[in-house]
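Trainee: Please take one close look at how a single pair of packed elements meets. Then set it beside the rest of the fold.

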Amino acid sequence: MRSVIIVHPRFEVVWPWAADRFHQLFLAQGTVEFIRLPADEAGTLGQLVSDPGSVARLVSLSVDVTADCLRAFTGLKEAVFLTGPYGDSLPEEQTKMLKDAGVRLYGHGSEGFWGQSVSEFALALTLCGLRRIPQTHHEIIANLQPWDYDPPGGVRYPPVRGHQFGDDPNFTSGTVEGKRIRIVGAGNIASRYASFVHMLGADVAAWDPFATEPSFHRTGARKEWHLDRLVRDAEIFAPMVPLTPKTRGLVTAELIHALPKGCLVVLATRADICDMQAVRERVLKDEISLAADVFDIEPLPLDDELLGRHNVVHTPHNAGRTKQSNERWAEMLFDQFLPQ
């Protein structure tokens, strides 16, 4: 049974370790042809794979495909076809043609491949937002003042400083333990994040009308039935659903303004599930703090008002892309192929 993996560099710019992981997995079952194309390659799949009629298993990653190409793969039994790096699939008529020929076509049923990477990053953002780790790191590069733990003007009450204290008590700070963490979503990312913060001792509640009961129970999150109630007592608020036409703007300005003063907002999936104008307004007024890997404008202009603020932790959309998420991307597709 002949197996072929063919990958264009435009795919590997986005998923640099995925094709190699596919190669390893197929090799463990036997012989596989691995074709890594040059950057200037403009040929189609049928031109680039020799003797296409003998191929039984095929993985084609961002390679140009035509209907005539597909007709040449007369022996094809199982295949992955991605025409673009973000899961773009074949046109409907080509998909139908292959299915009518009895070809098993595999694709991702979820974004679980980066669930662990994003949720761990979100936990890191939460810790950094609570403890001002990035701000303090930056401050001590050029200034010794952070090392001076004595409060300015002497001891005051309530206390404003103390030995080894770098948090900002005007915003949610300190430990995850005991915090009221409120999450929008209970899917691949949100459920993992919920389990992490629950393990650390947080009081966790989540809203997701599409998730089943086990999604809440196994993560230690209480199911909240009403989104407007979710925000009322949030000390940490984490909206974590995919961006779709239905979820765009799901967290309205009214909900953002209902967040208690001092709340830490954690954004690790897509910013536009929130009314970002309302988020910006409250952050700039020092009413809430923000720990964000995603924004309404990307890249953030260097003069953006969110950059460098004392109440903002920011990273450049890094959460999902680890070597492990690349490998998991390939593994979740490979697992669908029939055992050899």
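**A helix pair, then the sheet**

Mentor: Ala18, Arg21, Phe22, Leu25 and Phe26 of helix 2 touch Asn326, Glu327, Trp329, Ala330, Glu331, Leu333 and Phe334 of helix 13 (contact: heavy atoms within 4.5 Å). By class, this contact holds eight nonpolar, one polar and three charged residues (nonpolar: Ala, Val, Leu, Ile, Met, Phe, Trp, Tyr, Cys and Pro; charged: Asp, Glu, Lys and Arg; polar: the others, Gly among them). The model is predicted: local features need pLDDT of at least 70, side-chain atom pairs need 80 or more, and totals for chains, interfaces and linings use all residues. Numbering starts from 1 along each chain as its sequence is written, and side-chain values use heavy atoms, without hydrogens or water.

Now the geometry. The axes of helix 2 (residues 18-27) and helix 13 (residues 323-334) come within 8 Å and cross at roughly 45 degrees (axes: lines fitted to C-alpha atoms over the stretch in contact; angles: 0 to 180 degrees between N-to-C directions). The crossing is right-handed (near helix turned clockwise from the far one by less than a right angle).

Three bridges join strand 11 (residues 289-292) to strand 12. There, leucine 290 stands opposite valine 312.

Terms used
Helix = DSSP H or I, 4+ residues; strand = E, 2+ residues; numbered from the N terminus. Pairing = 2+ DSSP bridges.
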